[in-house]
Amino acid sequence: MTDFRTFGLKSEILKSLDEMNFTSPTEVQEKAIPLSLDGHDLIVRSKTGTGKTGAFLIPILQKTEPGDRMSSLVILPTRELALQVFNVSTKMTSNSKVKSVVVYGGAGIEPQIKQLRRNPSIVIGTPGRIIDLMKRGELDLSELKFLVLDEADVMLDLGFIEDIEYIISKCPKEKQSMLFSATIPNEIIKLTKRFMKNPEFLKVGAQEQMTVNTISHSYAISNGSRKIPALLAYINEYNPTKSIIFAETKRGADRLYKVLAQEGFNATVIHGDLTQAQREKSLTEFRNGSRFLIATNVAARGLDIDDVS
């Protein structure tokens, strides 16, 4: 079995990985880290839950020195994913002087500007807030060495491709780029051809397999008026200990939350109309004991919640 030590990583990175109980690399890490350490641009098709965050953060940290100023930019489609990657980065840099910062909309911009003025090495954020900070002159990408696009297909679905192209247009041509995505549609291939140099294409898992193989799938067909009774019947029969319930609309999520609360279930809700503080509160409640999280597709990809049954 491959060990992280075989990559020749700095001792402070190995110490942090050990403290995080990262004993051996996942498949995507085992394939991506050596290529990234050798300086290759990467396109990685890998499903959620495979360790993609470590696959790009570990080589970035290996090649970053404490004095490097805004040398890495990691772009993600949602605030929740940006915060999650930032938390992983904070743990991985706990034994070094390399600093990271997270920037995202829906939260005050002044505290984020204050953090940026401390010249962190790694900036993690969502497209809209990154562009806002760039246009204010607070986010300077002139010394950028690493660019990461994570969950690229979600950014495409959410209409962020023009924002991504704008950000890329302001980056130095000489940089190392990594793109991670569960699917690789043609629009993403066209994008990579414009900003990557001879990228290595890694495929982890089968094309049709977007989720880890420990997930089983079943479905029931019900007309509109019977959907909630069918859901309640499912809950009563199978008694899930911790579940995410996806709703198509924000209004539908709020309605379902009220129904479950009235039925006496410990539930919380998350969607795009909530403030960032409310969204973070909902995720914290779900991680810490709420039985149900009712969500729109804002929570559809990449969130790390261990005990969902």
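**View 1. The second largest pocket has a lining of seven nonpolar, seven polar and seven charged residues.** Here Ala, Val, Leu, Ile, Met, Phe, Trp, Tyr, Cys and Pro count as nonpolar, Asp, Glu, Lys and Arg as charged, and the others, Gly among them, as polar. Welcome to a predicted model, in which local features need pLDDT of at least 70 and side-chain atom pairs count only at pLDDT 80 or more, while totals for chains, interfaces and linings use all residues. Residues are numbered from 1 along each chain as its sequence is written, and side-chain values use heavy atoms, with hydrogens and water left out. The pocket has a volume of about 480 Å³, and of its 21 lining residues, Pro77, Thr78, Leu158, Phe160 and Val298 lie nearest its centre. Two or more lining residues come from each of helix H4 (79-92), helix H6 (127-135) and H7. Pockets and cavities are found on a 1 Å grid over the protein atoms alone: a pocket is an open set of points with protein on both sides within 12 Å along at least five of seven lines, a cavity is a set where a 1.4 Å probe fits but cannot get out, and lining residues have an atom within 4 Å of a point. Grid points are joined across faces, edges and corners, and a volume is the space filled by probe spheres set on the points. Helices (H or I, at least four residues) and strands (E, at least two) are DSSP runs, numbered from the N terminus.

**View 2. The structure holds one cavity of 30 Å³ or more.** The volume of the largest cavity is about 40 Å³. Around this cavity sit Leu149, Ala152, Met155, Ile161, Ile164, Leu179, Ile188 and Leu191. By class, these are eight nonpolar residues, with no polar and no charged ones. Helix H7 (152-157), helix H8 (161-169) and helix H9 (186-195) each supply at least two of the lining residues.

**View 3. The largest nonpolar core brings together 45 residues.** Such a core is a set of buried Ala, Val, Leu, Ile, Met, Phe, Trp, Tyr and Cys residues joined through side-chain atoms within 4.5 Å. Phe4, Leu9, Phe56 and Ile124 have the most contacts inside this core. Helix H3 (residues 52-62) gives the largest share, six residues. Apart from this core lies another, of 33 residues, including Ile43, Leu149, Ile164 and Ile188.

**View 4. Aromatic rings form four pairs.** Rings of Phe, Tyr and Trp (its six-membered ring) pair if their centres lie within 6.5 Å; planes under 30 degrees apart count as stacked, over 60 as edge-to-face and the rest as tilted. The Phe4 and Phe7 rings have centres 6.3 Å apart and planes at 65°, so this pair is edge-to-face. Phe4 is buried at 2% relative accessibility, and Phe7 is buried at 14% (buried means under 20% relative accessible area, exposed over 50%, partly exposed in between, with a 1.4 Å probe and protein chains only). For Tyr234 and Tyr238, the centres are 4.7 Å apart and the planes meet at 35°, so the pair is tilted. Both tyrosines lie in helix H10 (residues 227-238), four residues apart, about one turn of the helix. Tyr234 is partly exposed at 42%, whereas Tyr238 is exposed at 52%.

**View 5. Ser290 lies in the loop between helix H12 (276-287) and strand E10 (292-295).** With a relative accessible area of 5%, Ser290 is buried. Leaving aside neighbours within four places in sequence, Ser290 is in contact (heavy atoms within 4.5 Å) with Lys242, Asn266, Ala267, Thr268 and Glu285.
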